[in-house]
Amino acid sequence: MADDLNNDMECYGNSFVKTPHLDRLANSAIRFDRAYNQFPLCSPSRVSMLTGYRPDKTGVYDLQKLFRDNLPDAITLPQLFKNNGYFSARVGKIFHYGVPGGIGTNGQDDSISWDKRVNPIGRDKAEESKVTVLTPGRGIGASLTYLIADGEDEEQTDGIVAKEAIQIMESNKDKPFFLAVGFYRPHCPFIAPKKYFDLYPFDRISLPKQLSTDWNDKPQIAKFIDPLNYGLDETKLREALRAYYASISFMDAQVGKVLGALEKLKLKDNTIVVFCSDHGYNVGQHGQWMKQSLFENSARVPLIIVLPGVTNGKSSARTVELLDIYPTLAELCGLETPKDIQGKSLMPLIKNPNDKWDNPAYTQVRRVINSGQPDQKFIMGRSIRTERWRYNEWDETKLGVELYDHQNDPDEFTNLAADTKYSSTVKELSDLLRRSYAGKLNK
């Protein structure tokens with residue numbers, strides 16, 4: 001599992017970003033081209049994926065709330081395997097803790113989910129004071145900051161993650177195991193050894209297309225970053241994007257080490273491999289950066305699943321959710337899930353990527369109105385994504401509505417919600433969306 005990784009990978013169509021190991025993994029996998037997270041923020045997304053419940057059931061909408069306060073008896077995905085005789089282990093960030101502040105700690109981990117936990121800490125944590133800060137005044141874990149690091153991969157926290165994961169596989173190769181390997185990159189600060197920055201000459205870095213009229217038809221509440229692009233000039237934005245790409249390639253190299261060990265230990269043919277990110281990441285689309293938006297780049301995630309002997313470089317265009325990973329792995333391993341989990345097994349699509357599938361994806365995000373004032377209010381933005389459409393409502397339409405036609409407008413530049421030609425589409429998607437947050441949706 002990567003942290004803050006969008007779909008800027010060669011296997012997802014961005015040939016500029018170098019991800020040879022994940023591309024190789026995808027060649028033996030099924031790649032889901034329309035996979036979405038349920039809440040584009042670390043803790044809410046991870047809790048949803050690992051419990052099998054939507055954020056409205058977990059009650060986790062921020063980085064502080066612990067899911068067991070609301071769901072003390074929930075059986076998490078790793079706990080399900082642990083309860084059924086698997087050795088369950090975690091290395092790095094799987095449940096939430098702050099990056100970089102929580103590196104080396106257990107953070108908000110769920111102790112009963114694991115037999116073994118490892119919290120690596122590397123040179124990147126020790127050298128935080130050396131980072132270049134492009135957005136002063138923001139915490140280092142929520143800013144555009146980077147470091148072209150000295151030294152070798154193995155000195156970095158993610159390098160240690162790979163090493164520890166390999167050791168766990170070596171020690172448990174003769175028994176059933178559930179191993180969760182949580183990499184920290186490309187989460188900011190964007191830190192990677194120099195050789196990964198060298199993959200991306202500065203003069204070849206191109207920012208996403210932006211339109212001066214982009215926000216003329218969009219609700220202002222949809223902005224997470226305001227002023228747009230933090231008010232930074234093009235040079236600094238290109239610096240940030242170069243560093244983000246370097247961090248992706250560095251993380252990819254560590255994934256490659258783990259996959260290489262899987263093959264060396266002769267575990268490849270009887271091990272299911274899942275690769276994903278906790279959510280997507282804006283890198284300038286609509287003037288937005290990072291997460292916490294309902295735009296495609298924030299809501300969409302990479303999702304790659306290898307089932308030995310079945311998957312072989314396939315791809316599926318069906319809309320799926322991170323929520324679906326839990327029931328999928330349970331079914332593949334013959335385990336009975338809690339009856340009320342809300343995802344749906346992807347097994348039909350693993351067998352036939354083009355199988356009939358009429359399940360849209362739901363993503364939500366929370367905004368604070370009048371923060372710190374007596375009339376402070378939390379409002380929800382909610383999104384539904386079908387294979388063609390994205391439809392968003394803010395505060396149940398009181399603060400805005402958005403409709404984007406991905407068939408003709410994949411960059412989501414034109415909001416069609418007010419166009420009467422699309423009234424029936426708006427009504428249909430609104431009805432589906434409201435079913436989901438009225439608690440009536442259990443896929």
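Me: Are Phe-39 and Tyr-61 buried or exposed?
Reply: This is a predicted model, in which local features need pLDDT of at least 70 and side-chain atom pairs count only at pLDDT 80 or more, while totals for chains, interfaces and linings use all residues. Residues are numbered from 1 along each chain as its sequence is written, and side-chain values use heavy atoms, with hydrogens and water left out. A residue counts as buried under 20% relative accessible area, as exposed over 50%, and as partly exposed in between (1.4 Å probe, protein chains only). By that rule, Phe-39 and Tyr-61 are both buried.

Me: How is the pair formed by the rings of Phe-39 and Tyr-61 classed?
Reply: Rings of Phe, Tyr and Trp (its six-membered ring) pair if their centres lie within 6.5 Å, and planes under 30 degrees apart count as stacked, over 60 as edge-to-face and the rest as tilted. A search of the whole structure finds 18 aromatic pairs. In the pair of Phe-39 and Tyr-61, the centres are 6.2 Å apart and the planes stand at 35°, so the class is tilted.

Me: How many residues apart are Phe-39 and Tyr-61, which link distant parts of the chain?
Reply: Helices (H or I, at least four residues) and strands (E, at least two) are DSSP runs, numbered from the N terminus. Phe-39 belongs to the loop between strand 1 (30–36) and helix 2 (42–51), whereas Tyr-61 belongs to the loop between helix 3 (55–58) and helix 4 (67–70). Their separation in the chain is 22 residues.

Me: With which side chain does the side chain of Asp-153 make a polar contact?
Reply: Asp-153 lies in the loop between strand 5 (145–149) and helix 7 (157–171), and its relative accessible area is 4%, so Asp-153 is buried. A polar contact is a pair of N or O atoms within 3.5 Å; within protein, one must be able to donate a hydrogen and the other to accept it, and residues adjacent in sequence count only if both atoms are side-chain atoms. For Asp-153 the distance is 2.5 Å, and the partner is Tyr-196.

Me: Which residue just after helix 2 takes a positive phi?
Reply: Helix 2 is mostly covered, with 10 of its 10 residues buried, including Cys-42, Arg-46 and Leu-50. Just after this helix, a positive phi of about 80° is taken by Gly-52.
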